[in-house]
Amino acid sequence: MCDTCKKTFYITTPIYYPSAKLHIGHTYCTVASDAMARYKRLQGYDVMFLTGTDEHGQKIEEKAKAAGVTPQQFVDNIVTGEKGVLDLWKLMNISNDRFIRTTDDYHVAAIQRIFRRMYENGDIYKGSYKGKYCTPCESFWTESQLKDGKCPDCGGEVHDAEEEAYFFRLSKYASRVRKLLTETDFLEPKSRVNEMVNNFIDPGLEDLCVSRTSFTWGVPVDFDPGHVVYVWIDALFNYMTALGFENDRYHDLEKYWPADVHFVGKEIVRFHSIIWPAMLMSLDLPLPKKVYGHGWLVMDGGKMSKSKGNVVDPYVLAEMFGVDALRFFLLRTFPFGSDGSFSNELLINTINIDLANDLGNLVSRTTAMVEKYFGGTLPETRAAGEFDESLIALVSGLRDRYEAQMEKFQFQNALDEVFKCIQRANKYIDETMPWALAKDEANKPRLAAVMYNLLETIRICTTLLLPFMPDSCEKIFAQIGANADVETWDAAAVWGRLPAAVTVHKGEAVFPRVDAEKALSKLEELHQQQLRSLLPALEIEPYATEKVDFDTFCKSDLRAVKVKACEPVKKSDKLLRFTLDDGTGADRQILSGIHKFYEPEQLVGKTLVAIVNLPPRKMMGLASCGMLLSAVHTEKGEEKLHLIMIDDSIPAGAKLC
Ligand code: ME8
């Protein structure tokens with residue numbers, strides 16, 4: 001098909017807030033969009049896949065201030081810095097065609113024009129806003145929208161806020177939006193429609209406050225200095241400015257708009273299914289064909305959040321298990337429309353069962369057998385036999401069953417169809433028993449047919465796995481002697497495409513088995529590190545409030561002492577036994593529970609401070625005559641201790657006062 005006749009497909013992810021490093025939850029949606037984009041390309045579509053970053057707003061302004069940098073420097077670091085957003089998408093093999101940053105000049109200028117257009121057509125007007133404001137969500141709420149007095153999105157505190165502001169006539173579009181949601185397939189899954197209608201539209205859509213004066217990090221309203229455009233207006237229009245709407249940077253609007261699908265997380269469905277279509281209606285623009293609200297990856301029943309210390313780092317997982325395994329896991333394990341409970345155990349199980357056992361084994365067993373029985377190249381003479389028909393029938397219909405699921409964004413079900421074929425092929429090996437056939441030369445044509453059927457099954461399954469695991473699938477193609485360039489969508493529906501005399505190249509295991517125990521303990525260690533990093537860097541003991549009179553204080557006899565010998569106390573993990581010169585001519589023995597902080601030999605010769613008039617105490621059968629002074633504090637949750645060491649020129653026995 002010529003390029004201009006190709007059907008187009010425009011898919012977007014939400015544009016991410018670069019307020020902190022991205023976690024596995026963000027990766028989830030981008031991987032799903034990438035799999036969809038690759039699937040559509042495989043089908044022959046001319047795909048535009050857009051992602052980007054949403055860089056304005058009060059939250060960013062505050063974080064930048066706290067970090068002592070400008071908002072632009074702050075977002076630049078998270079977007080383009082080391083292990084930033086761009087690095088992450090590169091690592092995850094995300095094939096986006098375009099990346100938009102809402103601080104890009106062309107976008108900023110376009111947003112100003114868009115705002116002005118809605119002002120000029122009367123849909124944006126000036127008023128004054130009183131309401132409950134949630135700073136992290138940058139959202140105003142009415143009293144009735146609050147949940148137990150808190151923000152209905154994030155559950156955080158809200159505060160009273162009033163400001164002169166511009167409003168968008170959202171109420172004007174309520175019935176058209178309601179119709180769109182209830183009478184078309186604009187919003188999916190359907191469960192989200194009820195949520196929108198019952199919670200937001202039917203209680204009454206109020207006009208939306210679309211400008212702010214309380215901070216400056218945003219797109220300025222060019223006809224009213226002091227106002228910046230509400231970050232959601234700025235953000236939502238990215239889907240069009242990135243194609244060239246109201247700017248000259250790009251010229252793809254006609255080709256790709258309206259979008260085929262916006263993938264968005266469930267908490268931002270409200271913005272995409274109510275506010276976004278209403279604004280497009282205001283400008284008389286075509287509406288996107290679909291908004292799909294996916295579920296969250298949750299941990300321990302709650303959303304991932306840095307403050308809870310349950311943020312899962314995609315860099316760590318990709319490094320430990322491989323990018324493709326991670327991509328596969330995300331889409332194989334959780335139904336896209338619902339929440340999924342993330343756990344490391346689940347990830348390792350999926351890798352070991354689906355990838356190492358089922359797919360990996362099928363590929364390595366088959367290629368090993370073709371090498372062993374035929375020296376790597378199959379003979380052209382083949383003999384059909386029992387069990388072939390059911391395998392061939394199942395695999396020949398796979399592409400269509402897979403397509404039916406992919407078209408509904410049911411990645412998990414699509415992969416399930418593929419894995420049914422992979423499991424069937426493994427069973428086919430047990431049924432046909434190639435090792436038994438190989439014993440008799442007369443069975444060679446039958447053995448060749450069995451091998452060919454296995455290779456064909458692998459080829460078709462691998463083609464359909466390409467959108468999920470692009471690199472690994474290329475490796476599998478190379479091993480089974482398929483030419484990746486010709487493994488097209490059409491070829492996935494045709495049984496018998498591999499040349500009769502195909503040559504395999506057995507290689508390394510594409511999906512090595514994970515040692516679960518080892519991997520889990522490493523991840524646990526990293527998790528503990530993460531938790532420690534959330535603790536205050538330095539904590540000191542609270543100061544005593546009770547006063548002590550001077551005479552009482554002076555009763556403590558503090559002396560300089562020199563360490564003559566120091567050794568661990570037998571059968572004790574903690575205690576060190578000090579032999580000290582206290583200036584009296586007789587050795588003084590003090591026991592101190594500080595072994596975890598010092599090796600005894602480090603301390604010999606040091607000049608320390610001891611309280612020498614405490615009554616002797618027995619520990620582990622040994623008398624301790626006094627106490628050594630030390631300084632203590634906590635660092636990242638870990639107890640720290642430093643013995644007080646004084647200048648070695650101070651003689652033993654000198655009184656400290
Ligand atoms: O919402 N599981 O940005 P964002 C699944 N800038 N998805 C998750 C998730 C999790 N644990 N955590 C976050 C914004 N997400 C706006 C979008 S679009 C015009 C503007 C998803 O960085 C979340 O649901 O807070 C959202 O779809 C996306 O990550 C970006 O979140």
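Leaving out residues up to four places away in sequence, Tyr-256 touches Thr-8, Tyr-10, Asp-46, Val-47, Met-48 and Leu-243, where contact means heavy atoms within 4.5 Å. This is a predicted model, so to speak of local features a pLDDT of at least 70 is needed, and side-chain atom pairs count only at pLDDT 80 or more, while totals for chains, interfaces and linings use all residues. Residues are numbered from 1 along each chain as its sequence is written, and side-chain values use heavy atoms, with hydrogens and water left out.

Tyr-256 sits in helix α10 (residues 253-256); helices (H or I, at least four residues) and strands (E, at least two) are DSSP runs, numbered from the N terminus. Tyr-256 is buried, with a relative accessible area of 6%. Here buried means under 20% relative accessible area, exposed means over 50%, and partly exposed is in between (1.4 Å probe, protein chains only). Val-47, one of the residues that Tyr-256 touches, is 209 residues away along the chain, yet the two C-alpha atoms are separated by 8.5 Å.

Side chains of opposite charge can pair when their charged atoms come close. Lys-255 and Asp-46 meet through their side chains in a salt bridge, at 2.9 Å from N to O; the term stands for a side-chain nitrogen of Lys or Arg within 4 Å of a carboxyl oxygen of Asp or Glu. Lys-255 belongs to helix α10 and Asp-46 to strand β2 (residues 46-53), so the pair links distant parts of the chain, 209 residues apart. The two partners fall into separate accessibility classes: Lys-255 counts as partly exposed at 42%, whereas Asp-46 is buried at 13%. Asp-46 also turns up among the contacts of Tyr-256.

Another cis peptide bond joins Glu-188 and Pro-189, with omega at about -10°. That proline is in the loop between β7 (187-188) and α7 (190-201). In this stretch, Asp-185 forms a salt bridge with Lys-190, and their closest N and O atoms are 3.2 Å apart. Asp-185 is partly exposed at 45% relative accessibility, and Lys-190 is partly exposed too, at 41%.

Across the whole structure, the search finds 39 salt bridges. One of them joins Asp-339 and Lys-266, with the closest N and O atoms 2.8 Å apart. Asp-339 lies in the loop between α13 (323-333) and β15 (340-341) and Lys-266 in the loop between β11 and α11 (269-282), so the pair ties together parts that are 73 residues apart in sequence. Asp-339 comes out as partly exposed at 36%, and Lys-266 as partly exposed at 22%. Elsewhere, Asp-34, Arg-38 and Arg-327 are linked in a network of salt bridges.

Next comes the ligand. Of the 24 residues around it, Ile-15, Asp-54, Gly-265, Glu-267 and Leu-297 come nearest; a residue is near a molecule if one of its heavy atoms lies within 4 Å of it. A polar backbone atom of Gly-265 is 2.9 Å from an oxygen atom of the ligand, and a polar side-chain atom of Glu-267 is 2.8 Å from a ligand oxygen. On the nitrogen side, a nitrogen atom of the ligand is 2.8 Å from a polar backbone atom of Leu-297. The protein covers 95% of the 660 Å² of accessible area that the ligand has on its own, with areas taken from the Shrake-Rupley method with a 1.4 Å probe. At least two residues of the shell come from each of α1 (24-42), α8 (231-236), α9 (238-241) and β11 (261-265).

Beyond its neighbours within four places in sequence, Asp-358 is in contact with Ile-353, Phe-419, Ile-422, Gln-423 and Asn-426.

Finally, Met-433 has a positive phi of about 45° although it is not a glycine. Met-433 lies in the loop between α17 (411-432) and α18 (434-437) and is partly exposed at 40%.

Technical notes:
Polar contact = N/O pair within 3.5 Å; in protein donor to acceptor, adjacent residues only side chain to side chain.
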